[in-house]
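The following note sets out points on the secondary structure elements and their packing. It is meant to be read beside the model.

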Amino acid sequence: MDETLSWRMSTWIAASPQQVWDALTDAEATARFWQHHNVSDWQVGSVWEHRRLGDGAVDCHGVVREAVPGERLGFTFEDPAADPAADDAPLVTITLIGGDGVTQVDLVHVGLRSVDERDSIEFGWQAVFANLKTMLETGEPLPVFPWEVHAG
């Protein structure tokens, strides 16, 4: 694996692995912290879509490759014009490790096609998980979405 074309992160959230899983896989929850509905039945082989609030446009999509509730979620991550089932589709794997009321979240995103894509993914995942962490720990997402602050 070319490390320049992959990205890894870890964070810790004061929530159970099941709470983190539920937030990542429930379309209404993702709308609260991601401004998109992540729509799928989250079964291996199923398609998932990242649908924009308002117009419902699909900004990216993929195929669920692994789904162990409360433990591990793997899915391809492609823009809407690409085939999410292609062998070379970028793959995201999220592992949840719980203990003492805290969940360690490890995310690996492999198969990125350029350094620019890796840099965009890096900011995007950090912003998404900062907002998810805040929502699970306080009941509300950040008062301003991180990507809006970055754009300003």
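1. Contact here means heavy atoms within 4.5 Å. The model under review is a predicted one. On that definition of contact, Asp22, Ala23, Leu24 and Thr25 of helix α1 meet Ala27, Ala29, Thr30 and Phe33 of helix α2. Sorted by class, the residues in this contact are five nonpolar, two polar and one charged.

2. The geometry of this helix pair may be stated next. Helix α1 covers residues 17–25 and helix α2 residues 27–34; they pack at an angle of about 85 degrees, and their axes lie 5 Å apart. Angles of 65 to 115 degrees count as roughly perpendicular, and α1 and α2 are therefore roughly perpendicular to each other.

3. Four bridges pair β2 with strand β3 (residues 47–52) in the antiparallel sense. Within this pairing, Asn38 has His50 of β3 as its bridge partner.

4. Strand β6 (residues 91–99) has two antiparallel pairings to report. With strand β5 (residues 72–76) it is joined by five bridges, and Thr93 of β6 stands opposite Gly74. With strand β7 (residues 102–110), β6 is joined by nine bridges; here Val92 stands opposite His109 of β7. The hairpin of β6 and β7 has two residues between the strands, and Asp100 takes a positive phi near 55 degrees in it.

5. Just after α3, Gly139 takes a positive phi of about 95 degrees.

6. The buried residues of α3 are Arg118, Ile121, Trp125, Ala127, Val128, Phe129, Asn131, Leu132, Thr134 and Met135.

7. Leaving aside residues up to four places away in sequence, Asn131 touches Arg32, Phe33, Pro141, Leu142, Phe145, Pro146 and Trp147. Of these, Phe33 also belongs to the α2 side of the contact between α1 and α2.

Definitions and conventions
Residues are numbered from 1 along each chain as its sequence is written. This is a predicted model: local features need pLDDT of at least 70, side-chain atom pairs count only at pLDDT 80 or more; totals for chains, interfaces and linings use all residues. Side-chain values use heavy atoms; hydrogens and water are left out. Two strands pair if DSSP finds at least two bridges between them. Buried means under 20% relative accessible area, exposed over 50%, partly exposed in between (1.4 Å probe, protein chains only). Axes are lines fitted to C-alpha atoms, for helices over the stretch in contact, and angles run from 0 to 180 degrees between N-to-C directions. Angles under 35 degrees count as roughly parallel, over 145 as roughly antiparallel, 65 to 115 as roughly perpendicular and the rest as oblique. Ala, Val, Leu, Ile, Met, Phe, Trp, Tyr, Cys and Pro count as nonpolar, Asp, Glu, Lys and Arg as charged, and the others, Gly among them, as polar.
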